[in-house]
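Work through the exercises below with the coordinates open. Each task is followed by a solution in steps.

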Amino acid sequence: MWIILSVSVLLTTHSLFVWTAYPFTFSERECRDLFPERIGKDSLSDHANHDLPFEIEPSDSIYGISPNGIHVTVKAVSKWRIKGIIMQARVTGNCETPAQQHPVGHFETKETSVLMSANCSSGHQFETITHKTYPLDKDNFIIRWFPPEKTTANIYFVATIVSGKDEFWTGIASHVIRHKDQKLKRSETPCPMRNSTNTDGGTYEAHSGACQFHQSVYLTTSFIVAVILVAIGCK
């Protein structure tokens with residue numbers, strides 16, 4: 001009986017873990033737009049008549065030189081605090097092309113971190129960063145990012161940051177970071193991000209499995225072990 005109960009607990013824990021990154025659901029569209037449709041409101045960035053209250057500061061302006069990646073600092077620069085986040089690195093270029101709308105590279109997190117890396121819709125591992133539990137309630141944090149091996153395009157970091165209940169800011173972007181083999185053009189700037197609710201008749205997309213969390217691997221492994229134990233106990 002205790003073995004069956006442990007399996008039930010593991011299943012419940014795994015299910016709850018996937019939803020701790022409120023309000024993000026990691027649908028395919030959300031991975032592209034970085035817009036939390038679950039809230040059902042416009043981004044505060046849409047109504048801002050001043051500088052955005054958060055900044056993203058990469059440690060370097062050139063990448064591809066050091067094998068240690070880039071340290072990315074996200075910080076609040078006003079009264080707002082970081083309650084939740086979803087962040088990616090993207091290449092510069094035509095903002096309408098599919099390649100620009102997907103993340104590149106990967107983030108590295110420690111087990112003790114308040115953040116976790118995740119797999120969104122691009123098929124690459126750990127290219128999106130988010131919070132483990134809500135609210136995060138930080139005024140700054142530092143995360144390390146590593147570039148993809150085959151990309152030589154210039155890149156930038158972009159995030160959506162939750163600042164309170166039903167309050168979030170889209171289009172928080174860093175300056176453009178150039179690859180060591182590229183030049184930086186004045187026209188290269190971060191692409192604008194969606195900042196208002198869907199008005200084209202679409203509907204909110206629930207979690208579709210487009211994103212898989214790094215830390216959930218451990219829970220999945222525990223679940224498999226528990227199933228094996230049940231099978232042995234039933235013999």
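The model is predicted, so local features need pLDDT of at least 70 and side-chain atom pairs count only at pLDDT 80 or more, while totals for chains, interfaces and linings use all residues. Residues are numbered from 1 along each chain as its sequence is written, and side-chain values use heavy atoms, with hydrogens and water left out.

**Exercise 1. Overall description**

Task: State how many helices and strands there are in the protein, and what percentage of its residues count as buried.

Solution. 
- Step 1. Helices (H or I, at least four residues) and strands (E, at least two) are taken as DSSP runs, numbered from the N terminus. The protein has three helices and 12 strands.
- Step 2. Buried means under 20% relative accessible area, exposed over 50%, and partly exposed in between, with a 1.4 Å probe and protein chains only. Of the 235 residues, 41% are buried.
- Step 3. Accessible areas come from the Shrake-Rupley method with a 1.4 Å probe, and for residues only the protein chains shown count as cover. The accessible surface of the protein is about 12500 Å², and carbon and sulfur atoms make up 54% of that.
- Step 4. A contact means heavy atoms within 4.5 Å. Among contacts with a separation of 6 or more, 69% are between residues 24 or more positions apart.

**Exercise 2. Strand β7**

Solution. 
- Step 1. Two strands pair if DSSP finds at least two bridges between them.
- Step 2. Glutamine 88 has threonine 128 as its bridge partner in β7, and leucine 115 stands opposite histidine 131.

**Exercise 3. Two polar side chains**

Task: For glutamine 88 and asparagine 154, list what the side chain reaches.

Solution. 
- Step 1. A polar contact is a pair of N or O atoms within 3.5 Å; within protein, one must be able to donate a hydrogen and the other to accept it, and residues adjacent in sequence count only if both atoms are side-chain atoms.
- Step 2. Glutamine 88 lies in strand β4 and is buried at a relative accessible area of 0%. Its side chain makes a polar contact with the side chain of threonine 128 at 3.2 Å, and reaches the backbone oxygen of cysteine 31 at 3.2 Å.
- Step 3. Asparagine 154 is in the loop between β8 (140-146) and β9 (155-164). This residue counts as buried because its relative accessibility is 4%.
- Step 4. A polar atom of the asparagine 154 side chain lies 2.9 Å from the backbone nitrogen of histidine 179. The side chain of asparagine 154 also reaches the backbone oxygen of lysine 183, at 3.1 Å.
- Step 5. Asparagine 154 and lysine 183 are 29 residues apart in sequence, with a C-alpha to C-alpha distance of 8.4 Å.

**Exercise 4. Aromatic rings**

Task: Count the aromatic pairs and describe the geometry of the pair formed by tyrosine 22 and tyrosine 134.

Solution. 
- Step 1. Rings of Phe, Tyr and Trp (its six-membered ring) pair if their centres lie within 6.5 Å; planes under 30 degrees apart count as stacked, over 60 as edge-to-face and the rest as tilted. This rule gives six aromatic pairs.
- Step 2. Tyrosine 22 and tyrosine 134 have ring centres 5.1 Å apart and planes at 65°, so the pair is edge-to-face. Tyrosine 22 is in the loop between α1 (2-18) and α2 (28-33) and tyrosine 134 in the loop between β7 and β8, so the pair ties together parts 112 residues apart in sequence.
- Step 3. Phenylalanine 35 and phenylalanine 168 also form an edge-to-face pair, 5.2 Å centre to centre with 85° between the planes. Both phenylalanine 35 and phenylalanine 168 are buried.
- Step 4. Ring pairs link Tyr63, Phe107, Trp145 and Phe157 into a cluster.
- Step 5. A charge sits over a ring if NZ of Lys or CZ of Arg is within 6 Å of the ring centre and within 35 degrees of the ring normal. Arginine 194 lies over the face of phenylalanine 35, 4.2 Å from the ring centre.
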